[in-house]
Amino acid sequence: MESTLIKNAEIITMNESMDIIYGDLFIEGKQIKKIGEDLTEVTRPETKVIDAQGKTILPGFVQTHIHLCQTLFRGQADDMELMDWLQNKLWPLEAAHDSESLYYSAMLGLGELIQGGTTTVVDMETVNHTEAAFQAMAKSGIRALSGKVMMDLGDNLPPQLLESTKHSVEHSVQLLEKWHGHDGGRLQYAFCPRFVVSCTENLLTEVRDLSHFYNVLVHTHASENKDEIRIVEEQRGMRNVEYLDHIGLANERLVLAHCIWLNEREKQIIKERNVKVTHCPGSNLKLASGIADVYGMTEEGIQVSLGGDGAPCNNTLNMFQEMKLAALLPKPYHGPTAMPAEKVLKMATIGGAKAVGLEDEIGSLEEGKKADLFMVNLKKFHSYPSETVDPISRIVYSASAQDVEMTMINGDIVMEERKLTHIDEEEVLTKSNESIKRLLAKMPSLA
(Lines give C-alpha, C1' and ligand atoms only; values in the text may rest on other atoms or scores of the structure.)
Protein backbone atom coordinates (compact mmCIF):
# COMPACT_ATOMS: atom_id res chain seq x y z
CA MET A 1 0.00 0.00 0.00
CA GLU A 2 1.40 3.40 -0.99
CA SER A 3 2.17 5.82 1.82
CA THR A 4 3.20 9.47 2.14
CA LEU A 5 4.71 11.38 5.06
CA ILE A 6 4.32 15.16 5.06
CA LYS A 7 6.86 16.53 7.54
CA ASN A 8 7.41 19.78 9.43
CA ALA A 9 4.15 21.42 8.33
CA GLU A 10 1.76 23.91 9.82
CA ILE A 11 -1.44 21.82 9.74
CA ILE A 12 -4.77 23.67 9.88
CA THR A 13 -6.97 20.71 10.75
CA MET A 14 -10.46 22.31 10.62
CA ASN A 15 -11.49 19.72 13.22
CA GLU A 16 -14.13 20.49 15.83
CA SER A 17 -11.53 22.11 18.10
CA MET A 18 -9.97 24.04 15.19
CA ASP A 19 -6.55 22.68 16.17
CA ILE A 20 -3.49 24.00 14.37
CA ILE A 21 -0.67 21.48 14.68
CA TYR A 22 2.99 21.94 13.84
CA GLY A 23 4.36 18.57 12.82
CA ASP A 24 3.77 15.61 10.52
CA LEU A 25 0.90 13.96 8.70
CA PHE A 26 1.12 10.30 7.63
CA ILE A 27 -1.08 8.97 4.82
CA GLU A 28 -1.50 5.31 3.96
CA GLY A 29 -3.55 4.35 0.93
CA LYS A 30 -6.47 6.76 0.77
CA GLN A 31 -6.57 7.65 4.47
CA ILE A 32 -4.90 9.90 6.99
CA LYS A 33 -3.43 7.42 9.45
CA LYS A 34 -1.68 9.67 11.95
CA ILE A 35 -1.06 13.34 12.77
CA GLY A 36 1.65 14.24 15.26
CA GLU A 37 4.90 16.01 16.05
CA ASP A 38 7.41 13.51 14.62
CA LEU A 39 6.12 10.49 12.74
CA THR A 40 9.33 9.31 11.10
CA GLU A 41 9.12 6.00 12.93
CA VAL A 42 5.86 5.03 11.16
CA THR A 43 7.38 5.24 7.68
CA ARG A 44 8.67 2.42 5.53
CA PRO A 45 11.59 2.52 3.07
CA GLU A 46 9.18 3.06 0.17
CA THR A 47 7.22 5.88 1.88
CA LYS A 48 7.24 9.13 -0.10
CA VAL A 49 8.47 11.94 2.16
CA ILE A 50 7.50 15.56 1.52
CA ASP A 51 9.35 18.19 3.52
CA ALA A 52 6.77 20.90 4.21
CA GLN A 53 9.04 23.12 6.29
CA GLY A 54 7.55 26.62 6.17
CA LYS A 55 4.44 25.38 4.33
CA THR A 56 0.79 25.05 5.44
CA ILE A 57 -1.45 22.00 4.94
CA LEU A 58 -5.24 22.36 4.78
CA PRO A 59 -8.18 20.10 3.97
CA GLY A 60 -9.13 20.38 0.32
CA PHE A 61 -11.72 22.96 -0.62
CA VAL A 62 -15.24 21.69 -1.34
CA GLN A 63 -16.98 23.80 -4.00
CA THR A 64 -20.69 23.07 -3.93
CA HIS A 65 -21.74 24.78 -7.17
CA ILE A 66 -19.69 24.45 -10.38
CA HIS A 67 -20.48 24.18 -14.12
CA LEU A 68 -17.56 22.36 -15.75
CA CYS A 69 -19.39 22.37 -19.07
CA GLN A 70 -19.11 26.17 -19.14
CA THR A 71 -15.37 26.58 -18.55
CA LEU A 72 -14.80 26.74 -22.29
CA PHE A 73 -16.99 29.86 -22.42
CA ARG A 74 -14.75 31.98 -20.19
CA GLY A 75 -14.84 35.55 -21.46
CA GLN A 76 -17.61 34.84 -24.00
CA ALA A 77 -20.48 36.33 -21.98
CA ASP A 78 -19.28 39.32 -19.97
CA ASP A 79 -21.30 42.21 -18.55
CA MET A 80 -24.84 40.83 -18.81
CA GLU A 81 -27.65 40.03 -16.37
CA LEU A 82 -28.80 36.48 -15.75
CA MET A 83 -31.76 35.91 -18.07
CA ASP A 84 -30.19 37.70 -21.07
CA TRP A 85 -26.91 35.93 -20.31
CA LEU A 86 -28.65 32.54 -20.39
CA GLN A 87 -30.87 33.09 -23.40
CA ASN A 88 -28.46 34.99 -25.65
CA LYS A 89 -25.11 33.44 -24.76
CA LEU A 90 -24.98 30.44 -22.45
CA TRP A 91 -27.79 28.30 -23.80
CA PRO A 92 -26.68 28.68 -27.45
CA LEU A 93 -23.09 27.90 -26.45
CA GLU A 94 -24.14 24.84 -24.44
CA ALA A 95 -26.27 23.70 -27.38
CA ALA A 96 -23.21 23.85 -29.64
CA HIS A 97 -21.17 21.46 -27.44
CA ASP A 98 -19.99 18.13 -28.78
CA SER A 99 -18.38 15.34 -26.76
CA GLU A 100 -14.84 16.51 -27.41
CA SER A 101 -15.51 20.14 -26.55
CA LEU A 102 -17.30 19.18 -23.34
CA TYR A 103 -14.45 16.87 -22.32
CA TYR A 104 -11.88 19.65 -22.70
CA SER A 105 -14.16 22.19 -21.06
CA ALA A 106 -14.35 19.89 -18.04
CA MET A 107 -10.60 19.22 -18.08
CA LEU A 108 -9.85 22.94 -18.28
CA GLY A 109 -12.00 23.58 -15.21
CA LEU A 110 -10.64 20.58 -13.34
CA GLY A 111 -7.06 21.65 -13.90
CA GLU A 112 -7.82 25.10 -12.54
CA LEU A 113 -9.71 23.70 -9.54
CA ILE A 114 -6.98 21.25 -8.58
CA GLN A 115 -4.26 23.87 -8.97
CA GLY A 116 -6.28 26.08 -6.59
CA GLY A 117 -6.66 23.49 -3.83
CA THR A 118 -10.21 22.33 -4.62
CA THR A 119 -10.56 18.58 -4.14
CA THR A 120 -14.37 18.12 -4.26
CA VAL A 121 -16.99 19.71 -6.52
CA VAL A 122 -20.75 19.62 -6.90
CA ASP A 123 -21.02 20.03 -10.66
CA MET A 124 -23.93 20.65 -13.01
CA GLU A 125 -23.40 19.73 -16.64
CA THR A 126 -25.47 20.61 -19.70
CA VAL A 127 -28.22 18.54 -21.38
CA ASN A 128 -26.01 16.53 -23.74
CA HIS A 129 -22.62 14.77 -23.68
CA THR A 130 -22.41 14.45 -19.88
CA GLU A 131 -20.63 11.13 -20.32
CA ALA A 132 -17.59 13.08 -21.54
CA ALA A 133 -17.54 15.16 -18.36
CA PHE A 134 -17.63 12.06 -16.18
CA GLN A 135 -14.74 10.63 -18.18
CA ALA A 136 -12.76 13.81 -17.51
CA MET A 137 -13.57 13.72 -13.81
CA ALA A 138 -12.59 10.06 -13.59
CA LYS A 139 -9.21 10.74 -15.21
CA SER A 140 -8.41 13.93 -13.30
CA GLY A 141 -8.65 12.38 -9.82
CA ILE A 142 -11.21 14.92 -8.55
CA ARG A 143 -13.89 13.97 -6.04
CA ALA A 144 -17.21 15.01 -7.55
CA LEU A 145 -20.97 14.85 -7.39
CA SER A 146 -22.29 15.62 -10.85
CA GLY A 147 -25.18 15.12 -13.22
CA LYS A 148 -26.64 16.13 -16.56
CA VAL A 149 -28.78 19.24 -16.48
CA MET A 150 -32.51 18.56 -16.92
CA MET A 151 -34.67 20.93 -19.00
CA ASP A 152 -38.09 20.07 -20.43
CA LEU A 153 -39.71 23.52 -20.55
CA GLY A 154 -38.96 26.84 -22.25
CA ASP A 155 -39.97 28.92 -25.26
CA ASN A 156 -36.53 30.49 -25.67
CA LEU A 157 -34.42 27.35 -25.49
CA PRO A 158 -32.30 26.15 -28.42
CA PRO A 159 -33.90 22.92 -29.67
CA GLN A 160 -30.77 20.97 -28.75
CA LEU A 161 -31.44 21.70 -25.05
CA LEU A 162 -35.20 21.10 -24.89
CA GLU A 163 -35.84 17.51 -23.82
CA SER A 164 -38.93 15.46 -23.25
CA THR A 165 -39.55 14.66 -19.60
CA LYS A 166 -39.19 10.96 -20.34
CA HIS A 167 -35.81 11.35 -22.09
CA SER A 168 -34.46 13.65 -19.40
CA VAL A 169 -35.32 11.21 -16.63
CA GLU A 170 -34.19 8.09 -18.49
CA HIS A 171 -30.86 9.59 -19.54
CA SER A 172 -30.20 10.82 -16.00
CA VAL A 173 -30.89 7.39 -14.52
CA GLN A 174 -28.64 5.72 -17.10
CA LEU A 175 -25.78 8.02 -16.13
CA LEU A 176 -26.45 7.46 -12.44
CA GLU A 177 -26.40 3.69 -12.79
CA LYS A 178 -23.09 3.84 -14.68
CA TRP A 179 -21.18 6.45 -12.67
CA HIS A 180 -22.61 6.66 -9.16
CA GLY A 181 -20.04 5.12 -6.81
CA HIS A 182 -17.23 5.06 -9.39
CA ASP A 183 -13.76 4.47 -7.93
CA GLY A 184 -14.98 3.57 -4.46
CA GLY A 185 -17.40 6.48 -4.33
CA ARG A 186 -15.01 9.20 -5.53
CA LEU A 187 -17.60 10.06 -8.21
CA GLN A 188 -21.28 10.27 -7.30
CA TYR A 189 -24.38 11.26 -9.18
CA ALA A 190 -26.73 14.14 -8.40
CA PHE A 191 -29.97 14.96 -10.21
CA CYS A 192 -29.66 18.44 -11.73
CA PRO A 193 -32.91 20.11 -12.83
CA ARG A 194 -31.63 23.50 -13.99
CA PHE A 195 -34.21 25.68 -12.23
CA VAL A 196 -37.96 25.90 -11.89
CA VAL A 197 -38.23 28.16 -14.97
CA SER A 198 -37.00 25.36 -17.30
CA CYS A 199 -38.62 22.34 -15.64
CA THR A 200 -42.19 21.07 -15.67
CA GLU A 201 -43.77 20.02 -12.42
CA ASN A 202 -43.87 16.46 -13.72
CA LEU A 203 -40.07 16.48 -14.15
CA LEU A 204 -39.48 17.96 -10.71
CA THR A 205 -41.70 15.43 -8.97
CA GLU A 206 -39.98 12.59 -10.85
CA VAL A 207 -36.65 13.98 -9.58
CA ARG A 208 -38.07 14.14 -6.06
CA ASP A 209 -39.01 10.46 -6.17
CA LEU A 210 -35.78 9.31 -7.81
CA SER A 211 -33.67 11.25 -5.31
CA HIS A 212 -35.47 9.42 -2.51
CA PHE A 213 -35.22 6.03 -4.23
CA TYR A 214 -31.48 6.29 -4.97
CA ASN A 215 -30.67 8.44 -1.91
CA VAL A 216 -28.75 11.01 -3.96
CA LEU A 217 -28.62 14.81 -3.97
CA VAL A 218 -30.68 17.18 -6.06
CA HIS A 219 -28.64 20.18 -7.23
CA THR A 220 -30.44 23.18 -8.72
CA HIS A 221 -30.60 27.00 -8.83
CA ALA A 222 -33.09 29.14 -6.94
CA SER A 223 -33.84 32.82 -6.32
CA GLU A 224 -30.77 34.11 -8.13
CA ASN A 225 -32.47 36.95 -9.97
CA LYS A 226 -35.63 39.06 -9.56
CA ASP A 227 -36.81 38.34 -13.12
CA GLU A 228 -36.42 34.60 -12.46
CA ILE A 229 -38.63 34.89 -9.37
CA ARG A 230 -41.23 36.88 -11.33
CA ILE A 231 -41.37 34.15 -13.99
CA VAL A 232 -41.73 31.41 -11.36
CA GLU A 233 -44.54 33.29 -9.65
CA GLU A 234 -46.33 33.70 -12.99
CA GLN A 235 -45.85 30.00 -13.85
CA ARG A 236 -46.47 28.36 -10.46
CA GLY A 237 -48.29 30.95 -8.36
CA MET A 238 -45.64 31.08 -5.65
CA ARG A 239 -41.97 31.86 -5.10
CA ASN A 240 -39.11 29.41 -5.78
CA VAL A 241 -38.50 27.88 -2.37
CA GLU A 242 -42.18 27.88 -1.44
CA TYR A 243 -42.91 26.02 -4.66
CA LEU A 244 -40.10 23.49 -4.15
CA ASP A 245 -41.46 22.85 -0.68
CA HIS A 246 -45.02 22.58 -2.03
CA ILE A 247 -44.02 19.71 -4.35
CA GLY A 248 -41.89 17.97 -1.71
CA LEU A 249 -38.43 18.74 -3.08
CA ALA A 250 -37.30 20.83 -0.13
CA ASN A 251 -35.47 18.33 2.06
CA GLU A 252 -32.01 17.41 3.36
CA ARG A 253 -30.92 16.13 -0.08
CA LEU A 254 -31.53 19.48 -1.84
CA VAL A 255 -28.59 21.80 -2.65
CA LEU A 256 -29.73 25.26 -3.80
CA ALA A 257 -27.32 27.59 -5.56
CA HIS A 258 -27.52 31.35 -4.92
CA CYS A 259 -30.66 32.04 -2.80
CA ILE A 260 -30.16 35.80 -3.04
CA TRP A 261 -33.78 36.94 -3.04
CA LEU A 262 -35.45 34.97 -0.25
CA ASN A 263 -38.30 36.16 1.92
CA GLU A 264 -38.56 35.23 5.58
CA ARG A 265 -40.93 32.33 4.90
CA GLU A 266 -38.48 30.83 2.40
CA LYS A 267 -35.61 31.12 4.88
CA GLN A 268 -37.74 29.33 7.44
CA ILE A 269 -38.50 26.53 4.96
CA ILE A 270 -34.80 26.11 4.17
CA LYS A 271 -33.97 25.90 7.86
CA GLU A 272 -36.81 23.55 8.79
CA ARG A 273 -36.21 21.20 5.85
CA ASN A 274 -32.40 21.21 6.25
CA VAL A 275 -31.92 22.39 2.67
CA LYS A 276 -28.30 23.31 1.84
CA VAL A 277 -27.44 26.70 0.31
CA THR A 278 -24.44 27.48 -1.91
CA HIS A 279 -23.14 31.04 -1.90
CA CYS A 280 -21.46 32.17 -5.14
CA PRO A 281 -20.41 35.77 -4.45
CA GLY A 282 -18.20 36.31 -7.51
CA SER A 283 -20.89 35.16 -9.92
CA ASN A 284 -23.63 37.06 -8.11
CA LEU A 285 -21.67 40.30 -8.38
CA LYS A 286 -20.67 39.89 -12.02
CA LEU A 287 -24.23 39.14 -13.17
CA ALA A 288 -25.50 42.00 -10.98
CA SER A 289 -27.88 39.51 -9.38
CA GLY A 290 -27.44 40.85 -5.86
CA ILE A 291 -25.81 39.96 -2.55
CA ALA A 292 -27.12 36.97 -0.63
CA ASP A 293 -27.81 37.48 3.07
CA VAL A 294 -25.31 34.85 4.11
CA TYR A 295 -24.78 36.49 7.49
CA GLY A 296 -28.50 36.30 8.25
CA MET A 297 -28.81 32.73 6.97
CA THR A 298 -25.88 31.44 8.99
CA GLU A 299 -27.09 33.28 12.10
CA GLU A 300 -30.39 31.41 11.73
CA GLY A 301 -28.58 28.07 11.48
CA ILE A 302 -28.86 27.51 7.72
CA GLN A 303 -26.00 25.44 6.25
CA VAL A 304 -24.16 27.64 3.70
CA SER A 305 -21.14 26.58 1.65
CA LEU A 306 -19.26 28.18 -1.26
CA GLY A 307 -18.87 27.71 -5.00
CA GLY A 308 -17.29 29.49 -7.94
CA ASP A 309 -20.25 28.77 -10.27
CA GLY A 310 -19.09 28.87 -13.92
CA ALA A 311 -16.17 30.53 -15.69
CA PRO A 312 -18.36 32.74 -17.95
CA CYS A 313 -20.13 34.34 -14.96
CA ASN A 314 -17.08 34.60 -12.72
CA ASN A 315 -14.08 34.05 -14.99
CA THR A 316 -12.27 32.00 -12.36
CA LEU A 317 -13.08 28.95 -10.23
CA ASN A 318 -10.89 30.28 -7.45
CA MET A 319 -11.99 29.43 -3.90
CA PHE A 320 -9.57 31.96 -2.42
CA GLN A 321 -11.45 34.69 -4.29
CA GLU A 322 -14.84 33.34 -3.16
CA MET A 323 -13.70 33.17 0.46
CA LYS A 324 -12.45 36.73 0.48
CA LEU A 325 -15.64 38.05 -1.15
CA ALA A 326 -17.79 36.02 1.26
CA ALA A 327 -15.89 37.53 4.17
CA LEU A 328 -15.97 41.13 2.92
CA LEU A 329 -19.46 41.57 1.45
CA PRO A 330 -21.44 41.38 4.73
CA LYS A 331 -19.17 43.82 6.61
CA PRO A 332 -20.65 47.13 5.36
CA TYR A 333 -24.13 45.91 6.37
CA HIS A 334 -23.47 43.97 9.57
CA GLY A 335 -20.14 45.27 10.87
CA PRO A 336 -16.51 44.17 10.64
CA THR A 337 -16.98 40.98 12.67
CA ALA A 338 -19.99 39.72 10.70
CA MET A 339 -18.10 37.08 8.72
CA PRO A 340 -14.73 36.32 10.35
CA ALA A 341 -12.04 34.36 8.52
CA GLU A 342 -12.54 31.18 10.55
CA LYS A 343 -16.24 31.04 9.71
CA VAL A 344 -15.54 31.50 6.00
CA LEU A 345 -12.81 28.85 5.92
CA LYS A 346 -15.26 26.44 7.55
CA MET A 347 -17.74 27.19 4.75
CA ALA A 348 -15.06 26.34 2.19
CA THR A 349 -14.01 23.05 3.81
CA ILE A 350 -16.01 21.19 6.46
CA GLY A 351 -19.14 23.20 5.61
CA GLY A 352 -18.98 22.01 2.01
CA ALA A 353 -18.45 18.45 3.20
CA LYS A 354 -21.56 18.71 5.40
CA ALA A 355 -23.57 20.06 2.47
CA VAL A 356 -22.96 16.85 0.52
CA GLY A 357 -23.14 14.46 3.46
CA LEU A 358 -19.42 13.64 3.43
CA GLU A 359 -18.35 15.29 6.69
CA ASP A 360 -17.30 11.93 8.13
CA GLU A 361 -14.91 11.40 5.21
CA ILE A 362 -13.56 14.80 4.11
CA GLY A 363 -13.55 18.48 5.05
CA SER A 364 -11.07 18.30 7.93
CA LEU A 365 -7.68 16.72 8.56
CA GLU A 366 -8.31 13.96 11.11
CA GLU A 367 -7.08 10.42 11.56
CA GLY A 368 -9.31 8.00 9.67
CA LYS A 369 -10.57 10.55 7.14
CA LYS A 370 -9.77 10.54 3.44
CA ALA A 371 -6.52 12.22 2.48
CA ASP A 372 -8.02 15.16 0.55
CA LEU A 373 -5.72 18.11 1.20
CA PHE A 374 -3.44 20.73 -0.27
CA MET A 375 -0.17 22.42 0.63
CA VAL A 376 0.19 26.18 0.34
CA ASN A 377 3.32 28.32 0.48
CA LEU A 378 2.62 31.52 2.40
CA LYS A 379 6.22 32.68 2.33
CA LYS A 380 5.36 35.37 -0.21
CA PHE A 381 5.38 39.17 -0.25
CA HIS A 382 1.57 39.31 -0.32
CA SER A 383 1.19 37.18 2.83
CA TYR A 384 4.08 38.51 4.95
CA PRO A 385 5.00 39.30 7.68
CA SER A 386 3.79 36.19 9.46
CA GLU A 387 4.79 36.91 13.05
CA THR A 388 1.78 36.81 15.42
CA VAL A 389 -0.64 36.72 12.44
CA ASP A 390 -3.48 34.17 12.63
CA PRO A 391 -2.76 31.49 9.96
CA ILE A 392 -6.46 31.33 9.04
CA SER A 393 -6.50 35.08 8.43
CA ARG A 394 -3.52 34.66 6.10
CA ILE A 395 -5.38 31.99 4.12
CA VAL A 396 -8.67 33.88 3.75
CA TYR A 397 -7.47 37.47 3.35
CA SER A 398 -3.98 37.19 1.82
CA ALA A 399 -3.37 33.88 0.07
CA SER A 400 -3.82 33.15 -3.62
CA ALA A 401 -4.56 30.08 -5.72
CA GLN A 402 -1.07 30.47 -7.16
CA ASP A 403 0.36 29.78 -3.70
CA VAL A 404 -0.90 26.16 -3.78
CA GLU A 405 2.05 23.84 -4.44
CA MET A 406 0.60 20.35 -3.95
CA THR A 407 -2.90 18.85 -4.03
CA MET A 408 -3.84 15.35 -2.90
CA ILE A 409 -7.17 13.54 -3.35
CA ASN A 410 -7.86 10.10 -1.89
CA GLY A 411 -4.18 9.86 -0.98
CA ASP A 412 -3.24 10.40 -4.64
CA ILE A 413 -1.03 13.41 -5.47
CA VAL A 414 -2.89 15.07 -8.35
CA MET A 415 -0.62 18.12 -8.43
CA GLU A 416 2.96 18.48 -7.22
CA GLU A 417 5.13 21.59 -7.56
CA ARG A 418 2.29 23.14 -9.60
CA LYS A 419 2.45 20.29 -12.14
CA LEU A 420 -0.72 18.26 -12.69
CA THR A 421 -0.11 14.52 -12.58
CA HIS A 422 -3.27 13.23 -14.30
CA ILE A 423 -4.00 16.09 -16.72
CA ASP A 424 -1.83 17.02 -19.70
CA GLU A 425 -1.82 20.79 -19.33
CA GLU A 426 -0.48 21.63 -22.77
CA GLU A 427 -2.96 19.28 -24.47
CA VAL A 428 -5.91 20.77 -22.57
CA LEU A 429 -4.91 24.37 -23.30
CA THR A 430 -4.42 23.62 -27.00
CA LYS A 431 -7.64 21.61 -27.37
CA SER A 432 -9.63 24.22 -25.43
CA ASN A 433 -8.79 26.91 -27.96
CA GLU A 434 -9.54 24.55 -30.84
CA SER A 435 -12.86 23.55 -29.26
CA ILE A 436 -14.20 27.05 -28.59
CA LYS A 437 -13.23 28.09 -32.12
CA ARG A 438 -15.22 25.13 -33.48
CA LEU A 439 -18.26 25.92 -31.30
CA LEU A 440 -18.31 29.60 -32.22
CA ALA A 441 -18.25 28.63 -35.89
CA LYS A 442 -21.48 26.66 -35.29
CA MET A 443 -23.31 29.53 -33.63
CA PRO A 444 -25.00 31.04 -36.73
CA SER A 445 -26.59 27.66 -37.47
CA LEU A 446 -28.26 27.41 -34.06
CA ALA A 447 -31.97 27.99 -34.37
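# Close-up views of the model

View 1. E427 is partly exposed, with a relative accessible area of 31%. Partly exposed sits between buried, under 20% relative accessible area, and exposed, over 50% (1.4 Å probe, protein chains only). This is a predicted model, with residues numbered from 1 along each chain as its sequence is written. Local features need pLDDT of at least 70 and side-chain atom pairs count only at pLDDT 80 or more, while totals for chains, interfaces and linings use all residues; side-chain values use heavy atoms, with hydrogens and water left out. E427 belongs to helix α17, residues 425–442. Helices (H or I, at least four residues) and strands (E, at least two) are DSSP runs numbered from the N terminus. Together with D424, E425 and E426, E427 forms a negative surface patch. Patch residues have over 30% relative accessible area and no salt bridge; like charges are joined within 9 Å, and nonpolar side chains (Val, Leu, Ile, Met, Phe, Trp, Tyr) within 5 Å. Asp and Glu count as negative, Lys and Arg as positive; His and chain ends are not counted. Each charge is placed at NZ of Lys, CZ of Arg, CG of Asp or CD of Glu.

**View 2. L285, I291 and Y333 make a nonpolar surface patch.** The patch covers about 300 Å². Areas come from the Shrake-Rupley method with a 1.4 Å probe; for residues, only the protein chains shown count as cover. Y333 sits in helix α13, residues 331–334. Y333 is exposed, at 60% relative accessible area.

**View 3. Strand β16 pairs with strands β5 and β17.** β16 spans residues 373–376. L373 and M375 point one way from the strand, F374 and V376 the other way. All four are buried. β5 (residues 56–59) pairs with β16 in the antiparallel sense, over four bridges. β17 (residues 404–409) also pairs antiparallel with β16 over four bridges. Pairing requires at least two DSSP bridges between two strands. F374 of β16 stands opposite L58. In β17, the bridge partner of F374 is T407.

**View 4. K7 and D24 meet in a salt bridge.** The N to O distance is 3.1 Å. A salt bridge places a side-chain nitrogen of Lys or Arg within 4 Å of a carboxyl oxygen of Asp or Glu. The structure holds 32 of these bridges. K7 lies in strand β1 (residues 3–12) and D24 in strand β2 (residues 20–28), so the pair ties together parts that are 17 residues apart in sequence. Both side chains belong to buried residues: K7 has 17% relative accessibility, and D24 has 0%.

View 5. R438 is partly exposed, at 28% relative accessible area. D98 counts as buried, at 19%. K442 is partly exposed, with a relative accessible area of 29%. Elsewhere, salt bridges with shared partners join K7, D24 and D38 into one network.

**View 6. Y384 and P385 are joined by a cis peptide bond.** Omega is about 0 degrees. P385 lies in the loop between β16 and α16 (391–398).

**View 7. M14 and N215 have positive phi values.** Neither residue is a glycine: phi is about 60 degrees for M14 and near 55 degrees for N215. M14 is placed in the loop between β1 and β2. N215 is found in the loop between α6 (201–214) and β12 (218–222). M14 counts as buried, at 3% relative accessibility. N215 counts as exposed, at 59%.

**View 8. L68 sits in a loop between β6 and α1.** β6 covers residues 61–66 and α1 covers 82–96. L68 is buried, with a relative accessible area of 0%. D155 lies 87 residues from L68 along the chain, and their C-alpha atoms are separated by 25 Å.
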